[in-house]
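Subject: the model we talked about

Hi,

Here is the structure I promised to pass on.

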Amino acid sequence: MKKLKTIFLILLIFTLIFGLAYRAFDRVPKSESTEFLFDTYCTVAAYSKDADAAVSAVFDELSRLHSLTNFFDESSDVSKINRAKHGEKVKVDPCVINIISKAQEIKLASDGAFDISIAPVSMLWKFDENTPTPPTDEQISQSLLSVKNSGLMVDADEMTVSKTLDASMIDLGGAAKGYAGDVALKILREYGVEAAIVDLGGNISCYGKNPNSKDGKWRIGLQKPFAPTGEYSNTVQLTEGAVVTSGTYQRYFEHEGEVYHHIIDPKTGRPARQSYQSVTIVAESSMEADCLATAVYVLGTERGEALARSRGAKVYFK
Ligand code: AMP
Ligand code: MG
């Protein structure tokens, strides 16, 4: 009897050890890294064997994209365009051509609600400063002239951009992270990564089978505006694609009891006034979703929803 008990015990221990080892081998390996880029925390999680090199290649490219598109970096392509005189052809990186071309497409589709030429006005609001104050009406109307009369010419063969006005400037703050999300997924796929999720400060893009859910779907929580981070108003389920939110709570300041946020209506030169605080777009491309989120915020529920629908995207207002 004692012998039987010992055999049973040994068998049980073996089963437990093999069981645990099997689970450990069975679990999909994960490579994850977070860096501060595009003025936000960017996390890339790749589910595949030996995906460290892929994640590191993604961050190399994200950092390059950030340098190319950074408004505040004097050596960025954006600054070169902004400093240029009218008619001067500025040679830029192909990525910058791609971003500007897509932005121009959404400008047209949104009747100017999304406009990267907003820079002369968006910069007046100084959201990057510690104690911003609203600009005067005079400053706004003066700078709006440069926005309204601005023209950008993109030559995709020569890789050049030129302006029709000396004073025109571009701000890729509403589009660059979106583009970066698409590029990140492209690199991960090229490296053969089976599944991945990329979070660029709330701009989420993903593909493949989520190893942490039974059905393999990704579940993205939509941040409740002005609530503690991680408090969600809704959850979006998807197999692949992008979920991007533009919200007034992401960047704003208070002055004499008024709240001023960073999504500017190009028609007025002031923060777009709406009854909701955030717009989330679910689309195939992260770049498309990024531009659309800003555009839809400015357009309002009716016109915004029509725009999203016409581009095959889903929209959530909160
Ligand atoms: P997002 O967070 O994607 O909604 O983008 C907001 C950022 O885009 C702002 O911080 C500005 O840099 C820029 N921006 C603000 N208003 C607009 C607009 N109407 N069209 C394009 N870019 C904008
Ligand atoms: Mg955007």
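A word on terms before the notes: I call a residue buried when its relative accessible area is under 20%, exposed when that is over 50%, and partly exposed in between (1.4 Å probe, protein chains only). This is a predicted model, in which local features need pLDDT of at least 70 and side-chain atom pairs count only at pLDDT 80 or more, while totals for chains, interfaces and linings use all residues. Residues are numbered from 1 along each chain as its sequence is written, chains are lettered from A and ligands numbered from 1 in the order in which they are written, and side-chain values use heavy atoms, with hydrogens and water left out.

Cysteines to begin with. Taking a disulfide as a pair of cysteine sulfur atoms within 2.5 Å, the count is 0. For Cys 95, the nearest cysteine sulfur belongs to Cys 291 and is 15 Å away. Cys 95 is buried, at 9% relative accessible area, and Cys 291 is buried too, at 0%.

Now the metal. Which protein atoms are donors to the magnesium ion (ligand 2)? They are Gly 174 (O), Asp 290 (O and OD) and Thr 294 (OG1), at 2.1 to 2.7 Å. Donors here are N, O and S atoms within 2.8 Å of the metal (3.2 Å for Na, K and Ca); water is not among the atoms, so the site may look incomplete. The donor residues follow the spacing G-x115-D-x3-T. Asp 290 and Thr 294 are about one helical turn apart, because they sit 4 residues from each other in helix 8 (residues 286-299); helices are DSSP runs of H or I, at least four residues, numbered from the N terminus. Both Asp 290 and Thr 294 are buried.

Thr 294 turns up again at ligand 1. Around that ligand are 15 residues, the closest being Asp 115, Asp 171, Ser 246, Ile 264 and Thr 294; to count, a residue needs a heavy atom within 4 Å. A polar backbone atom of Asp 115 is 3.0 Å from one of the ligand's nitrogen atoms. The protein covers 92% of the 500 Å² of accessible area that ligand 1 has on its own (Shrake-Rupley, 1.4 Å probe).

Note on methods:
Helix = DSSP H or I, 4+ residues; strand = E, 2+ residues; numbered from the N terminus. Polar contact = N/O pair within 3.5 Å; in protein donor to acceptor, adjacent residues only side chain to side chain.
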